[in-house]
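Take a look at the model below.

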Amino acid sequence: MKTLSGKTAVITGGSRGIGRAIALKMASEGANIAILYAGNKEAAQKTVSELLNLNVKAQAYQCDVADADATSAICKEILNDFSSVQILVNNAGITRDGFLRRMKEEDLDAVLNTNLKGAFHMIEGFYGTFLRAREGRIINISSVVGLSGNGGQTNYSAAKAGLIGLTKSIAKELGSRNITCNAIAPGFVETDMTASLPEKVREETLSSIPLKRMAQPEDIADAAVFLAGPHASYITGVVLRVDGGMCM
Ligand code: NAP
């Protein structure tokens, strides 16, 4: 028996990187999948084809999670298309790195609005659905820098730390309705987001990881499938580091 049969999962940023790996692993456990993406339609269509090959229902929706109105409309469209939703993974994220004294207001806003407010918008979109069904699993993809901080990433670290506060608050707010909310804090993951990092930064980061390798997106996806599945029904408000020991 597949652990997510009969469930529908919504994964923001599900077209590439970590979100794509989560979508594929959840689909291989039997979940129907709705993915949100920002603008790269080709990547989204490719991921949807891979999902359909796993014999689940799958659809991609272009939607900027930073836009409250667009997000509200897409959540309604997804509910219309899939009838019900039980799992929400807030994974969409961007970086706009730089030292604070030179950081443009637009870079601060873009990172906070996408990484943090995007999760608020999506949770709001499915809040009533989860409440009425007395069932829901919310998984927020934070980062180890939300726990440890990181020079040159004040905007991103603040957004990812904010997601942890949001996670714990939702866990308390909705726990009595059988809705869990947990965060995953990935370390250094091999995706497009980290592909452009200078070799020196990669080497320094790798040397600080006890397991001496970068994570693959599938390492993070395994944790998300666990938190969405039956073996995590009594886990809520947790921040699960998946970082090779980087941030202990
Ligand atoms: P990625 O490869 O850059 O993929 C980002 C995904 O998010 C894409 O599907 C993108 O869609 C989507 N997206 C971006 N902005 C969006 C928006 N405003 N609305 C809707 N979708 C949007 O990123 P990743 O490395 O897989 O990271 C995924 C998550 O893990 C992020 O939250 C990131 O902060 C977090 N994380 C990553 C690492 C790492 O080392 N990679 C470490 C810790 C945490 P398009 O393709 O259409 O642009």
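**The ligand shell**

The largest share of the shell around the ligand, three residues, comes from α7. This is a predicted model, where local features need pLDDT of at least 70, side-chain atom pairs count only at pLDDT 80 or more, and totals for chains, interfaces and linings use all residues. Residues are numbered from 1 along each chain as its sequence is written, and side-chain values use heavy atoms, with hydrogens and water left out.

Q: Which helices each supply at least two residues of the shell around the ligand?
A: Helices are DSSP runs of H or I, at least four residues, numbered from the N terminus. Those that each supply at least two shell residues are α1 (17-28), α4 (105-133), α6 (154-174) and α7 (192-195).

Q: Which residues come nearest to the ligand?
A: A residue is near if one of its heavy atoms lies within 4 Å of the molecule. Of the 31 residues around the ligand, the nearest are Arg16, Gly39, Asn91, Tyr156 and Thr191.

Q: Is Ser157 buried or exposed?
A: Ser157 lies in helix α6. Buried means under 20% relative accessible area, exposed over 50%, partly exposed in between (1.4 Å probe, protein chains only). Ser157 has a relative accessible area of 8%, so Ser157 is buried.
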